[in-house]
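This report describes helix packing, strand pairing and ligand surroundings in one structure. The sequence and the model are shown first.

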Amino acid sequence: MTTLIPHWIRGAEASGTSGRTAPVHNPATGEQTAEVALASTDDVATAVASAKEAAIAWRESSLSRRSAVLFAFRQLLHERTDELAAIITAEHGKVLSDAAGEIARGLENVEFATGVPNLLKGGFSEQASTGVDVYSMRQPLGVVAGITPFNFPAMVPLWMCANAIACGNAFVLKPSEKDPSAANWIARLWQEAGLPDGVFTVVHGDKEAVDALLTHPDVSAISFVGSTPIAKYIYETGTSHGKRVQALGGAKNHALVLPDADLDMAADALVSAAYGAAGERCMALSVAVAVGDIGDELVAKVAQRLPGLRVGDGAAEGTDMGPLITAEHRDKVRGYIDAGEAAGATLVADGRTGDHPQGGYFLGTTLLDHVTPEMTVYTDEIFGPVLSVVRVETYEEGLELINSNQYANGTAIFTRDGGAARAFQHDVHVGMVGINVPIPVPVAYYSFGGWKDSLFGDTHMYGPEGINFYTRGKVVTQRWPDPATSTIDLGFPRTR
Ligand code: NAD
């Protein structure tokens, strides 16, 4: 009998009513390890009803109580990181240290949210008019939902839920159906940390569950992270149903390598950021733009490093790169390599070959040189262990290339020239910029988000923008005059 991964509703497991499930695999072996329940519209309605009830009570909890729950959750997560990392690796495939890394970055968001008493402090203006004070506050929205991708099954939910809960909302998570177990583990941890039942809910599912959340009148806001076409759909559908929506999409992140860069350092950074997590990161560097005459040397240095990478089961000691998430995705990435080769790119390293463990969805590292902007390996997000090198003559040409791309999530410049780096961070049309930093994911007290087709909506995720997203502002004007001075005045109230 296959294990069923159930929903988590009202603080308990719930198998749902749809009768529909999806298989869950270990991508390192190809074996089915479980099946996950897929919620029906009715299941989502049950989940939202319990969240709505919980939100009413949770909004009344004091800031210090909320902070105490977050501190407890933070401590448990810190102590039990290895347990969660093993769950992530078994369903996602990334190596254990990488899984622990995503938990560490998620943990930072929990730590940020523990400061909620400070984060929700409003403004106060005494004597805004004679005898009149004005003050502002931010209040929770009620029930908010998060729809998350497969590639960060713990970190992305934590980006969302820590702030949403700290702000006094109830949070409903619809995780990826490809690696759903981390979500249930996190749900239990919230319960252990003392969060009241119903404040954190998990509904597993596919389009039916997502559509039910997008159209449910009691869901006030949707945070989404995933691919661009779905992000656009989520934004359009959610907003047309009156919801606040932040929808983060796909990426094609360029590294601009200037001729004065330390090429060994740049090559280390490119290899780490292109092939880490088998390229299944929205901040992966997938294009290296070599400026001037450094192309041959840079490509040689990257190529030199590839044979040293061990591809295998992410749970095994010494593995550098695990499998891709599914056989279909692996085949899709292969198809891009085929297309790049057919279009005339130079295949410097070919990940389609290699002696990988049987059964798993493995692909080795691919390095394509002389890639040009019309090739699909350049235009499309591949989301696999493929690095394309585009050669340009000048810095300006490289900048123009990056600024013409439809995606604008992250980018990085490699140089020893502070002036060039400063010009780049000023002129590049991308939301997150690294200067000699290959994966510039902002720390938790800034906010995360791209531009253009990498984000639909006005608010970036987590950090201060996350607090704004999960609350709405209210401004109060008060006076306490002597009733004996009261008069009728039909004029519009003036402040002076
Ligand atoms: P995906 O878009 O396929 O799925 C994301 C979520 O949407 C999942 O929960 C999935 O169940 C749901 N979904 C899928 N198809 C749907 C449909 N037709 N209608 C409604 N819901 C649907 O993305 P993925 O493959 O899980 O994740 C990889 C993608 O996520 C990549 O494009 C990557 O760049 C992107 N990503 C972006 C960021 C970012 O911060 N910008 C971070 C991580 C991942």
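## Helix 2 against helix 4

In this predicted model, helix 2 (residues 63–79) and helix 4 (residues 96–114) have axes that come within 9 Å and cross at roughly 160°. Angles over 145 degrees count as roughly antiparallel, and helix 2 and helix 4 are therefore roughly antiparallel to each other. The crossing of helix 2 past helix 4 is left-handed.

On the helix 2 side, the contact is made by Ser-67, Leu-70, Phe-71, Phe-73, Arg-74, Leu-77 and His-78. Helix 4 contributes Ile-103, Leu-107, Val-110, Glu-111, Ala-113 and Thr-114. Sorted by class, the contact of helix 2 with helix 4 has 8 nonpolar, 3 polar and 2 charged residues.

## Helix 3 against helix 4

Helix 4 also packs with helix 3 (residues 81–92), at an angle of about 120° and with the axes 8 Å apart. Helix 3 and helix 4 are therefore oblique to each other. Helix 3 passes helix 4 in a right-handed crossing.

In this contact, Thr-81, Leu-84, Ala-85, Ala-86, Ile-88 and Thr-89 of helix 3 meet Leu-96, Ala-99, Ala-100 and Ile-103 of helix 4. The class count for helix 3 with helix 4 is 8 nonpolar, 2 polar and no charged residues. Ile-103 of helix 4 takes part in the contact with helix 3 and is listed in the contact with helix 2.

## Helix 10 against helix 11

Helix 10 (residues 263–275) and helix 11 (residues 295–305) have axes that come within 9 Å and cross at roughly 50°. That angle makes helix 10 oblique to helix 11. The crossing of helix 10 past helix 11 is right-handed.

Helix 10 makes the contact through Leu-263, Asp-264, Ala-266, Ala-267, Leu-270 and Val-271. From helix 11 come Glu-297, Leu-298, Lys-301, Val-302 and Arg-305. The residues of the contact of helix 10 with helix 11 comprise 7 nonpolar, no polar and 4 charged.

Strands of a sheet pair through backbone hydrogen bonds, either parallel or antiparallel.

Strand 4 pairs with strand 5 (residues 31–37) in the antiparallel sense, over 6 bridges. In strand 5, Gln-32 is the bridge partner of His-25.

## Sheet with order 6-7-23

Another open sheet of 3 strands has the order 6-7-23 and antiparallel pairing. Its edge strands, strand 6 (124–129) and strand 23 (471–479), each pair on one side only. From one strand to the next, the twist averages 30°.

Between strand 7 (residues 132–140) and strand 23, the antiparallel pairing runs over 9 bridges. Within strand 23, Arg-479 stands opposite Val-132.

## Ligand surroundings

Which residues are closest to the ligand? The closest are Pro-149, Gly-226, Ser-227, Gly-250 and Cys-282, in a set of 26 residues that surround the ligand.

By class, the shell around the ligand is made up of 11 nonpolar, 10 polar and 5 charged residues. Gly counts as polar in this classification, and Pro and Cys count as nonpolar.

Conventions. Residues numbered from 1 in each chain as written. Predicted model: local features only at pLDDT ≥ 70, side-chain atom pairs only at ≥ 80, totals over all residues. Near = placed C-beta within 6 Å. Axes fitted to C-alpha atoms, helices over the stretch in contact; angles between N-to-C directions. Helix = DSSP H or I, 4+ residues; strand = E, 2+ residues; numbered from the N terminus. Parallel < 35°, antiparallel > 145°, perpendicular 65-115°, else oblique. Left-handed = near helix turned anticlockwise from the far one by under 90°. Contact = placed C-beta atoms within 7 Å. Pairing = 2+ DSSP bridges.
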